[in-house]
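Please read them with the structure open.

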Amino acid sequence: MAVITVERKPLTLLERTYLPQIVGGLATTFKHLIAPKKTLEYPEQRPAIPPGYRGVPTLVRDPNGREKCVSCQLCEFVCPPKAIRITPGEISADQTDRAHVEKAPQAFDIDMLRCIYCGLCQEVCPEEAIFLQNQYSMSGYTRAEMVNHKDKLYELGGTLPDQHYKWDQKKTAQDHGNAH
Amino acid sequence: MIAPPKPDLVTVNIDGREIAVPKGTNVIEAARLVNVDVPHYCYHPKLTIVGNCRMCLIEMGMPAVDPATKAPIIDPVTGKPKINWIPRPQIGCGTNVSPGLHVKTTSPMVKDAREGVMEFLLINHPLDCPICDQAGECKLQEQSTGYGRGYSRFVEQKNVKPKRTQLGPRVTLDDERCILCSRCIRFSKEIAKDDVLGFVDRGSYSTLTCFPGKQLANNYSLNTVDICPVGALTSTDFRFKMRVWFLKQTNSIDTETSVGANTVVWSREGQIYRLTPRRNDDVNDTWMPDSGRELFKAVMAADRLVATTHLDALVAQAAELFKMNASAGAIAVVGSGRSSVEEQFLTKKLAAALKASTQLVSRVGQGDQLLISADRNPNVRGALVTGLISKLPKVGDATPLSRSTKGAVAAPIRTGGLTDLAASIDAGKVKVVVSIGEDLIAAGLTAAQLANVSVVYLGTHANATSAAAKIVFPTLSVFEKNGTFVNQQFRLQKFAKAVPGPQGATDDLIVLAKLTAAASSAPMASDLGSLWTLISAEVPAFAMTSYAQVPETGLLIDATPFAALPFVEGETLHFKPAAAAVALDS
């Protein structure tokens with residue numbers, strides 16, 4: 001291997017005194033003494049979350065309060081760390097308000113010790129039922145506590161606006177019929 | 001059904017490739033031979049051709065001939081024979097090959113035709129894929145990715161049709177998803193011979209339904225679910241249980257009868273979700289009975305036997321029992337027609353080491369001339385071939401139902417064949433009975449007779465015999481082990497392990513090998529590889545055979561030594577009894 005000898009320039013007199021560096025450092029210090037604070041008193045103060053932030057995955061309801069997830073299990077399939085477990089179930093025919101959806105999760109568990117917040121579940125969801133929202137802090141004392149069950153997921157998710165009302169439209173069409 | 005192809009071959013040209021195919025083959029099958037996929041919905045190789053889905057449209061033509069001389073016309077530009085292409089697309093399923101036929105499956109006209117058909121099929125198809133059980137194995141989904149538009153130009157309201165209709169005890173119909181291919185109708189009419197399905201109304205209002213007062217309740221109804229190209233017909237049992245893309249497929253054999261229908265076990269993480277047929281043109285075509293699809297439920301049953309004692313301790317107890325009854329004839333071995341060939345071979349070895357008599361429990365019911373044969377044991381012929389028994393077990397006269405056949409086959413199964421053993425027990429000759437998974441009380445022995453002997457029971461589920469047994473070895477079900485069966489055609493067919501067995505249950509082969517080793521004080525192999533070395537050396541019909549060599553479609557073995565035996569089976573699909581069958585009351 002070729003050895004390249006780099007010539008080292010001798011320090012100037014000013015550099016040898018170290019004074020410019022000390023003054024420069026003090027200038028930075030005094031600037032921050034008077035500048036507005038950058039840090040937050042976490043957890044009393046919380047940062048503003050920018051749009052598009054990928055927080056804890058949650059399940060959402062539509063503005064009519066309908067459970068949007070139909071347990072198609074695509075998120076379970078796509079989840080890289082296999083954090084999602086779904087037990088699918090049938091909506092019985094006697095629940096007249098939502099029997100036309102036919103399918104809903106019996107159980108929906110997301111293991112937050114496994115979740116890597118990649119957002120693939122949100123991307124793959126055909127029913128727009130799972131969203132990574134602003135919640136970013138998860139803690140617990142046991143492993144079991146770190147698994148978000150269906151109730152917790154809906155509590156975290158709340159209600160989001162819906163653009164399609166796909167199943168409501170389907171119900172309207174069914175009630176209206178298509179007589180010939 | 002298509003007639004078996006005649007041997008004379010016809011040369012056709014598919015997408016520029018010449019191939020010789022049997023005369024009478026249609027274009028879809030001919031294209032399949034050159035690995036060209038012609039999409040189709042209504043066509044099914046085992047059903048008649050109706051040509052109503054129009055998805056398999058292809059472009060075809062014949063070499064032009066001079067009308068006067070009948071000589072082929074050569075195109076002066078290319079120097080090849082000139083082809084007269086038909087200006088409109090033709091259906092591939094309804095077009096049989098003819099000499100010199102030219103087919104294009106990738107031309108712009110074909111692509112246009114397929115896209116047009118897809119758009120019309122999707123007009124009234126609901127956006128149900130997220131809740132539809134067919135998603136993942138749906139032909140409409142597959143062809144949509146190839147020929148779908150990606151968005152809908154249809155602004156009108158979609159048709160509303162009945163959803164969640166119970167067509168029968170096991171089939172649920174969603175009419176909105178139906179694309180009117182009529183496969184299920186043809187299956188019911190032609191294969192199941194139970195003509196209950198039909199279309200009502202016209203045009204886009206056409207609806208699949210059962211005839212008034214009828215139900216799709218025959219024992220083959222779930223085959224309509226298998227052949228439905230979309231999610232219109234779904235299995236009520238499997239409905240919403242699991243998405244198919246999670247399920248692992250393992251090849252297995254239906255153990256219900258001696259037909260040995262080839263099956264696929266669909267499981268996820270050690271749990272079986274469904275059984276479906278596997279195509280074998282020599283055994284079951286693409287069908288299987290509904291009753292066989294429920295067998296996996298026994299795997300998770302609450303009455304599965306599991307051991308609390310270590311296996312070696314149990315074997316030591318059994319060895320002690322064998323030693324105390326060492327005189328010839330004091331021990332009787334009840335083999336099973338439900339055991340695999342390897343287990344029967346080891347049972348024979350065990351019986352020889354114990355100087356014991358061997359007998360088999362017979363199970364005889366009513367055959368249905370399709371895929372349920374009269375012999376409800378899957379492997380009686382295996383016992384004959386391996387030499388476990390030399391003559392067929394006697395047909396029992398008692399008629400206790402050996403297992404619940406809820407909603408499927410209601411005909412009683414006559415279990416028996418142990419009259420000689422009963423007599424020996426009564427005479428006080430037999431002191432120990434080793435039962436390989438057979439419920440002796442269901443097979444005709446009385447509780448008093450069982451009380452007079454010590455029973456060693458190898459089995460999967462708790463029953464009267466396991467309760468009365470002195471030593472119980474919990475073993476594995478057919479879904480939890482590897483092995484082979486010999487079906488009624490003397491076809492050696494293998495099944496594979498789909499799920500692990502429960503804790504505390506041991507493979508039958510290991511138990512039998514340990515018992516044999518304890519009885520004969522010589523080591524005995526328990527793995528399939530070494531066992532098959534022994535089997536092929538000792539059993540003439542299996543000479544030169546090994547487990548690994550058995551193809552997935554089975555291996556026919558020499559049946560001539562057993563040709564004169566009066567087997568109980570009547571005629572079924574792809575099977576004609578050689579000897580005169582024992583007449584069964586109907």
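1. A cut-off first. A residue counts as buried when its relative accessible area is under 20%, and as exposed when that area is over 50%. B:Val364 has 3% relative accessibility, so B:Val364 counts as buried. This valine is found in strand 17 of chain B, residues 362-364. Bear in mind throughout that this is a predicted model.

2. How far is B:Val364 from B:His40, in sequence and in space? The two are 324 residues apart in sequence. In space, 41 Å lie between their C-alpha atoms.

3. Now chain B as a whole. Its secondary structure comprises 13 helices and 24 strands. The C-alpha atoms fill a box of roughly 95 × 55 × 45 Å along the principal axes. Chain B has 586 residues, and 54% of them count as buried. Take the contacts in chain B between residues at least 6 apart in sequence: 66% of these join residues at least 24 apart.

4. Domains of chain B. The domain assignment gives domain 1 as 9-116 and domain 3 as 311-562. Domain 2 is written in two pieces, 131-140 and 154-240. The centres of domain 1 and domain 3 of chain B are 54 Å apart, taken over C-alpha atoms.

5. The interface. Chain A brings 30 residues to the contact and chain B brings 25 residues. Together the chains bury about 2,200 Å², with 53% of that area on carbon and sulfur atoms.

6. Charges across the interface. Side chains of opposite charge can pair when their charged atoms come close. Eight salt bridges are found between chain A and chain B. One of them joins B:Arg268 to A:Glu76, with 2.7 Å from N to O.

7. Which elements of chain A give two or more residues to the side that touches chain B? They are helix 3 (74-78), strand 2 (84-90) and helix 6 (166-176). Helix 6 of chain A gives the most, with six residues. By residue class, this side of chain A divides into 13 nonpolar, nine polar and eight charged.

8. Salt bridges overall. A search of the whole structure, over all chains, finds 43. Within chain A, the side chains of A:Lys68 and A:Asp162 meet in one, at 3.4 Å from N to O. A:Lys68 lies in the loop between strand 1 (57-59) and helix 3, and A:Asp162 lies in the loop between helix 5 (150-157) and helix 6, so the pair ties together parts of chain A that are 94 residues apart in sequence. Buried or exposed? A:Lys68 counts as buried, at 2% relative accessibility. A:Asp162 is buried as well, with a relative accessible area of 14%.

9. A neighbouring topic is A:Arg66. This arginine lies in the loop between strand 1 and helix 3 of chain A. A:Arg66 has 12% relative accessibility, so A:Arg66 counts as buried. Leaving aside neighbours within four places in sequence, A:Arg66 is in contact with A:Arg61, A:Val101, A:Trp167 and A:Asp168.

10. Two salt bridges within chain B deserve a look. B:Arg177 meets B:Asp174, with 3.3 Å from N to O. B:Arg177 is buried, with a relative accessible area of 2%. B:Asp174 counts as buried too, at 3% relative accessibility. The other joins B:Glu571 to B:Lys576, whose closest N and O atoms are 3.5 Å apart. Here B:Glu571 is partly exposed, with a relative accessible area of 45%. B:Lys576 counts as exposed, at 63% relative accessibility.

Key. Residues are numbered from 1 along each chain as its sequence is written. Chains are lettered from A and ligands numbered from 1 in the order in which they are written. This is a predicted model: local features need pLDDT of at least 70, side-chain atom pairs count only at pLDDT 80 or more; totals for chains, interfaces and linings use all residues. Side-chain values use heavy atoms; hydrogens and water are left out. Domain bounds come from an automatic or database domain assignment. Contact means heavy atoms within 4.5 Å. Buried area is the accessible area (1.4 Å probe) that two parts lose on being put together, summed over both. A salt bridge is a side-chain nitrogen of Lys or Arg within 4 Å of a carboxyl oxygen of Asp or Glu. Helices (H or I, at least four residues) and strands (E, at least two) are DSSP runs, numbered from the N terminus. Ala, Val, Leu, Ile, Met, Phe, Trp, Tyr, Cys and Pro count as nonpolar, Asp, Glu, Lys and Arg as charged, and the others, Gly among them, as polar. Buried means under 20% relative accessible area, exposed over 50%, partly exposed in between (1.4 Å probe, protein chains only).
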